[in-house]
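Notebook open, viewer open. I'll jot things down as I look them up.

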Amino acid sequence: MTGAQKDRSQCKALRLAAVGLMSFGLWGCTTQSMTLTVPTFWVAPGVEATLPTVACLSDYGQKTLLTAKRDGRTQRVMTVEVCRNGDYTMDVLTPTGMALMTVHYDGKQLTTKAHVPLPKELEASQMVADVLLATLPIEHWANVLPNGYHLEITSNGRMVVDPKGKVVERMIYNEGTTPARLKSLTHEAFGYTLTFRAL
């Protein structure tokens, strides 16, 4: 196999992996980088907020198999998360280990490097928001969530509640793990569920 043929073969494999993962069409095979100085995310449809100015308070590292369900589709990715000195990094890979994207957040800037072209629906800020909603102390969200929205602690996790008292997002932790690790996350407003298995 020539070098050009090998590149095309690798490109095709990555595209097929990403298509199988996200059920979206991807074109080309290039690395794309983007940096946001004011990273925002969607709390609910039409309701936007800015990420907290803290990424993590203590160092940790974990590897997880993440299963996403939405609109009758089930997709899986592997994530490798590392927090060091307040800097958070997440590598997103296929279950077989091919790199899809790398996300870095230091509390100020959000940098995303896509190893294959990814759909705009796969927003790094949304992924980081889910992580921080589940891990940061609640006080760091007090002045971040839009007026009327708040984060509550429950008997087995947390939930984001809207001004009318309706649950927008629900997070459940595994029992007996220190620090607490997510078991599942359900976003009622956007209709997706994530389940997490430690690797």
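**Confidence**

What is the mean pLDDT of the protein, and what share of its residues reach 70 or more? I get a mean of 82, with 80% of residues at 70 or more; pLDDT is the predictor's confidence in each residue, from 0 to 100. Residues 3–30 have pLDDT below 50, and in the model this stretch has 44 contacts beyond near neighbours in sequence (contact means heavy atoms within 4.5 Å). Where pLDDT is low, the predicted coordinates should not be read in detail.

Ground rules for myself: this is a predicted model, so I take local features at pLDDT of at least 70 and side-chain atom pairs only at pLDDT 80 or more, while totals for chains, interfaces and linings use all residues. Numbering runs from 1 along each chain as its sequence is written, and side-chain values use heavy atoms, with hydrogens and water left out.

**Overall**

I count 2 helices and 13 strands; these are DSSP runs numbered from the N terminus, helices being H or I of at least four residues and strands E of at least two. The protein has 199 residues, and 40% of them are buried. For burial I use relative accessible area with a 1.4 Å probe and protein chains only: buried is under 20%, exposed is over 50%, partly exposed is in between. Accessible surface is about 10,900 Å², with 53% of that on carbon and sulfur atoms (Shrake-Rupley, 1.4 Å probe; for residues, only the protein chains shown count as cover). Of the contacts between residues at least 6 apart in sequence, 44% join residues at least 24 apart.

**Disulfide**

How many disulfides does a search of the whole structure find? It finds 1, taking a disulfide as a pair of cysteine sulfur atoms within 2.5 Å. The partners are Cys56 and Cys83, with sulfurs 1.6 Å apart. Cys56 sits in the loop between strand 3 (47–50) and strand 4 (60–70), and Cys83 is in strand 5 (residues 73–84), so the pair, 27 residues apart, links distant parts of the chain. I also checked the S-S torsion: it is about -95 degrees, so the disulfide is left-handed. Both cysteines are buried.

Strand 4 and strand 5 run antiparallel, joined by 11 bridges; I call two strands paired if DSSP finds at least two bridges between them. Thr67 has Arg76 of strand 5 as its bridge partner. Their hairpin has 2 residues between the strands, and Asp71 there takes a positive phi near 50 degrees.

Strand 5 then goes antiparallel with strand 6 (residues 87–93) over 7 bridges. Arg84 bridges to Asp87 in strand 6. This hairpin also has 2 residues between the strands, with Asn85 at a positive phi near 55 degrees.

Beyond neighbours within four places in sequence, Thr79 is in contact with Gln62, Lys63, Thr64, Leu66, Met90, Asp91 and Val92.

**Strands 7 and 8**

Strand 7 (residues 99–105) pairs antiparallel with strand 8 over 5 bridges, and Met101 has Ala114 of strand 8 as its partner. The hairpin between strand 7 and strand 8 has 4 residues, and Gly107 in the turn has a positive phi of about 95 degrees.

In a regular strand the side chains alternate between the two faces of the sheet.

His115 lies in the loop between strand 8 (110–114) and helix 2. His115 is partly exposed at 23% relative accessible area.

**Core**

The largest nonpolar core holds 44 residues, with Phe41, Val43, Val128, Trp141 and Met171 touching the most other members. My definition of such a core: buried Ala, Val, Leu, Ile, Met, Phe, Trp, Tyr and Cys residues joined through side-chain atoms within 4.5 Å. Helix 2 (residues 124–135) gives the most to this core, 8 residues. Leaving out residues up to four places away in sequence, Val128 touches Leu51, Tyr88, Val103, Tyr105 and Leu110.

**Asn156**

Asn156 is in the loop between strand 9 (150–153) and strand 10 (157–161), partly exposed at 38%. Not counting residues up to four places away in sequence, Asn156 touches Met171, Ile172 and Tyr173.
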